[in-house]
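User: I would like to learn how to read the features of a protein structure. Please take them one at a time.

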Amino acid sequence: MPTAQAEPLKIVIDFDSTFTKVEGLDELARIALQGNPKQAEIVGKIKDITDQGMVGAYSFSDSLRDRVALLPANRSHVDQLIVFLKGKISESFKRNKDFLEENAAQILIVSSGFKDFIVPVVNEMGIPAENVYANTFIYDAEGNITGYDADNLLSQDKGKVRLLQSLQLEGEVYVIGDGITDYELRESGLANKFFAFTENISRKAVTDKADFVVPSLDEFLYINGLSRAQSYPKSRIKVLLLENVHPGAVNAFKKEGFQVELLKGALDEDELIEKIKDVSIIGLRSKTNLTKKVLEHPNASRLMCVGAFCIGTNQIDLVECEKRGIAVFNAPYSNTRSVVELSIGLMVMLTRNIFEKSTKMHAGVWDKSATNSYEIRGKKIGLVGYGSIGTQISVIAEALGMEVYFYDIVDKLALGNAKKCSSLKELLSQVDFVSLHVDGRKSNTNIIGKEQFSWMKDNVIFLNLSRGHVVEISALVDAIKSGKMWGAAIDVFPYEPKTNDEEFINELRGLPNVILTPHIGGSTEEAQANIGEFVPAKLLQFMNNGSTYGSVNFPELQLPPLENAHRLLHIHHNVPGILAQINQIFAKYHVNIIGQYLKTTENTGYVITDVAKEYSEEIVSELKLIDNTIKFRMLY
Ligand SMILES: NC(=O)c1ccc[n+]([C@@H]2O[C@H](COP(=O)([O-])OP(=O)(O)OC[C@H]3O[C@@H](n4cnc5c(N)ncnc54)[C@H](O)[C@@H]3O)[C@@H](O)[C@H]2O)c1
Ligand SMILES: O=C(O)[C@H](O)COP(=O)(O)O
């Protein structure tokens, strides 16, 4: 542990809710009262007393006495508690086991809990019994807990303060804890700094008084320049999630210790510029436009990666992201099935005039008739765009007895008996249903307009569940009003409300046999849960390991796990000679290279080098100074 003082730094660490995620006594009560009908009531009382004690609203000695009195526990319950607590060691303590082991001599566990369960748990992390200061239970001959050693300073009011006074520690003393009794060590002048630890619980009465609020042990180590398991504490990395992405995504980032903010709606450019300040990871869906203006704003300078929690990425300026070394990921298949099912359902609804009939029924009109109701079996469906969605519809439509035709600008293999058309006109002029499934690239703007509607057969049924700008709305309205079209189902619009509070304004409102849906093709519980898992996994892989596999705008690399090395990631403009310059720096400083990976796109190069942990810090600044460097970061 580096320190300039003669006496090395002492770190006093609290146990309950700091070293472990839980309160030991509360858990002992839960275990001891298993099967007891009063379990919830008694555990609740004990927790309540614990909480009051933590914020200083209950004298400690009273709180300990009252809690132990409520506790019908014995040795075997304590043994069960030890096993349980070993599984509840705080994540950042587990991550920094090496630090704890290597510096055990300078670490004191000071707790008003009980050595009986604390010692075996901290031992797991390399801290010896003699460094643990805590209470001890008294047992009767049958092993039942009957009380505790009341002479122990830690069982008394201001116990931690009195204990530390008795220890007369020399040199700097830092305290890490989540309770007011930990702060009291600082208040009494026995400790130089108090770090309120909020990984498991945050108490305002405690954080308000702290010198530093540390959401993890990594943060404590980072602030104090001590060796740590993470190159940069995740609690310092901001994640902004928009458009109400699935809660699974929020949890995935929180679990890893990131700072996460979730907003319900989309943001416009100016709002986004405001909110993107200091954000490293952004997650959005189809309605938030991540434009050049946003990306070039200084507020976006920390942005490292973007997750499109959907299929489409046309709302993101992918080129500008690439130029700035920002990797973009999406969920290319997670909601495909949902769109397919809705498309098929809409076709059936339209051919049977279901909406009109249902509306009449609600008004009390019984209109039983077969007139103008048809099966979809035997009809021709034309798919514009034969990608993930188009091909799945193709298979299912064929299974329903439809004849499938498709047109794609890329040469695609026809599935089943589907027939490939060589032009849009050829497709549109022969089918009964037209369903659009093209991607949202700019050049697809208004690919279906007046002329294309004129190519379609009379009484055509038209579906757009792809992107709003693909269809010229005024031409669609004319086609419906003129009676050429039997019906239409439209899920996507050139302009869509940013939140559910905004009114939907569109010329299509009020037209007959037109089903309008609020861009819900991919909005099913299943799809959103899949996306909420898939996209964070990609973003986390990029952040934690550097892998870009599946990125839609970046050189794709699937990297091995980082083991016993530091990983240096260099993103640069793809010009000749960068790899040579990187390696010259490694050679100059005799760096031992363990592995090196390179992938480029036309414009961008991505070099990852795993090096042995001992190297000169100067290489970092030299690597950053190489001409054409876009971004550089390190992982360990
Ligand atoms: N409504 C929703 O909620 C919802 C949900 C998911 C996807 N989508 C949208 O559906 C569309 C299709 O998704 P996917 O996963 O099948 O995409 P995909 O990329 O797998 O397929 C798109 C296909 O369209 C083709 N294409 C592009 N431009 C074309 C053109 N002008 N003419 C003919 N073919 C063209 C491409 O070559 C590709 O084969 C995307 O726009 C996506 O954003 C909407
Ligand atoms: O591209 C997509 O996946 C769809 O358009 C769904 O977008 P959404 O997540 O905004 O509903």
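**Ligands and their shells**

User: How many residues of the shell around ligand 2 are nonpolar, polar and charged?

Analyst: In the shell around ligand 2, three residues are nonpolar, six are polar and two are charged. Here Ala, Val, Leu, Ile, Met, Phe, Trp, Tyr, Cys and Pro count as nonpolar, Asp, Glu, Lys and Arg as charged, and the others, Gly among them, as polar. This is a predicted model: local features need pLDDT of at least 70, side-chain atom pairs count only at pLDDT 80 or more, and totals for chains, interfaces and linings use all residues. Residues are numbered from 1 along each chain as its sequence is written, while chains are lettered from A and ligands numbered from 1 in the order in which they are written.

User: Which residues surround ligand 2?

Analyst: A residue is near a molecule if its C-beta atom, placed from the backbone, lies within 6 Å of it. For ligand 2 the residues are Arg285, Ser286, Lys287, Phe309, Cys310, Ile311, Gly312, Asn335, His519, Gly522 and Ser523. At least three of the shell residues come from each of domain 2 (237–335 + 524–554) and domain 3 (336–523).

User: How many residues surround ligand 1, and which are the closest?

Analyst: Ligand 1 is surrounded by 30 residues, the closest being Gly312, Gly385, Gly387, Gly521 and Gly522. α19 gives the most, with three residues. Helices (H or I, at least four residues) and strands (E, at least two) are DSSP runs, numbered from the N terminus. The shell around ligand 1 divides into 12 nonpolar, 14 polar and four charged residues. It too draws at least three residues from each of domain 2 and domain 3.

**Domains and overall size**

User: Which domains does the protein have?

Analyst: Domain bounds come from an automatic or database domain assignment. For this protein the assignment gives domain 1 (10–223), domain 2 (237–335 + 524–554), domain 3 (336–523) and domain 4 (560–635). Between the C-alpha centres of domain 1 and domain 3 there are 63 Å.

User: What box do the C-alpha atoms fill?

Analyst: Taken along the principal axes, the box is roughly 95 × 75 × 40 Å. The protein has 25 helices and 24 strands. Of its 636 residues, 42% count as buried. A residue is buried if 20 or more other C-beta atoms lie within 10 Å of its own, exposed if 12 or fewer, and partly exposed in between, with C-beta atoms placed from the backbone.

**A sheet**

User: What is the strand order in the open sheet of seven strands?

Analyst: Two strands pair if DSSP finds at least two bridges between them. In this sheet the order is β16-β15-β14-β17-β18-β19-β20, with parallel pairing. β16 (419–420) and β20 (514–516) are at the edges with a single partner strand each, so one side of each has no neighbour in the sheet.

User: How many bridges pair β14 with β17?

Analyst: Four bridges pair β14 (residues 380–384) with β17 (residues 433–436) in the parallel sense. Ile381 has Phe433 as its bridge partner in β17, and Leu383 stands opposite Ser435. Four bridges also join β17 to β18 (residues 460–464), again running parallel. There, Leu436 stands opposite Asn464.

User: Which way do the residues of β17 point?

Analyst: In a regular strand the side chains alternate between the two faces of the sheet. From β17, Phe433 and Ser435 point one way, Val434 and Leu436 point the other way, and all are buried.

User: Which unit do β17, helix α21 and β18 make?

Analyst: They make a right-handed β-α-β unit, with α21 at residues 450–455. A crossover is right-handed if, with the strands pointing away from the viewer, the path from the first strand over the helix to the second runs clockwise.

**Backbone details**

User: What is the phi of Asn459?

Analyst: Asn459 has a positive phi of about 65° although it is not a glycine. It sits in the loop between α21 and β18. Asn459 is partly exposed, with 13 other C-beta atoms within 10 Å.

User: How far apart are the end C-alpha atoms of helix α23?

Analyst: The expected span of a helix is 1.5 Å times one less than its number of residues. Helix α23 (residues 525–545) has 21 residues and should span 30 Å, and its end C-alpha atoms are 30 Å apart, which agrees. Just after α23, Gly546 takes a positive phi of about 90°.
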